[in-house]
Amino acid sequence: MRLIVCHNSISKIMSEATTYHALSDFIRSEFSDLPKNWIVEYKDVDGDMISMTCSDDFKSMMETTNAKYLKLNIKQADASQEIQILCEEKVEEKTEAQNE
């Protein structure tokens, strides 16, 4: 699935999205004006806006979306999302360190 990543009226296409970390790296490399704490949102099959902040969210998106293209929007994280992002980053870093 190709991802169309949008931020501040700029759209970039990520042709092969395999992991949340790959998506995050792509976003950081393609968009120089990111907010300090950002999240990715997308519209699910029911039309609901879903926030993606970790690998589990990414896997869920990939499993539930059948489209060839999916539009992702980069947004400023609100206070509660910032706390969630920090906690999930620490858990993922610990998991990655254990897997090495």
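This is a short tour of a predicted model, moving from the sheet to the helices and then to one residue.

**Sheet.** Select the strands. An open sheet is made of 5 strands, ordered E2-E1-E5-E3-E4, with mixed pairing. Strand E2 (10-14) and strand E4 (49-52) are at the edges; each has a single partner strand, so one side of each lacks a neighbour in the sheet. From one strand to the next, the twist averages 30°.

**E1 and E2.** Next, select strand E1 (residues 2-7) together with E2. The two run antiparallel and are joined by 5 bridges. Within this pair, His7 stands opposite Ile10 in E2.

**Helices.** Then show H1, which lies across E1, E2, strand E3 (38-43), E4 and strand E5 (69-76) and runs at about 140° to E2.

Stay on helix H1 (residues 20-30) and display its side chains. Its buried residues are Tyr20, Leu23, Ser24, Phe26 and Ile27. They lie on the same side of H1 because they cover an arc of only 160° around the axis.

**Ile74.** Finally, select Ile74, in strand E5. Is Ile74 buried or exposed? Its relative accessibility is 6%, so Ile74 counts as buried, the cut-off being under 20%. Leaving aside neighbours within four places in sequence, Ile74 is in contact with Val5, Cys6, His7, Ile27, Phe31, Leu34, Trp38 and Ile39. For a distance check, pick Ser51: Ile74 and Ser51 are 23 residues apart in sequence and 9.6 Å apart in space, C-alpha to C-alpha.

Technical notes
Residues numbered from 1 in each chain as written. Predicted model: local features only at pLDDT ≥ 70, side-chain atom pairs only at ≥ 80, totals over all residues. Heavy atoms only, no water. Buried < 20%, exposed > 50% of the residue type's maximum accessible area, 1.4 Å probe, protein only. Helix = DSSP H or I, 4+ residues; strand = E, 2+ residues; numbered from the N terminus. Arc of directions from axis to C-beta. Pairing = 2+ DSSP bridges. Axes fitted to C-alpha atoms, helices over the stretch in contact; angles between N-to-C directions. Contact = heavy atoms within 4.5 Å.
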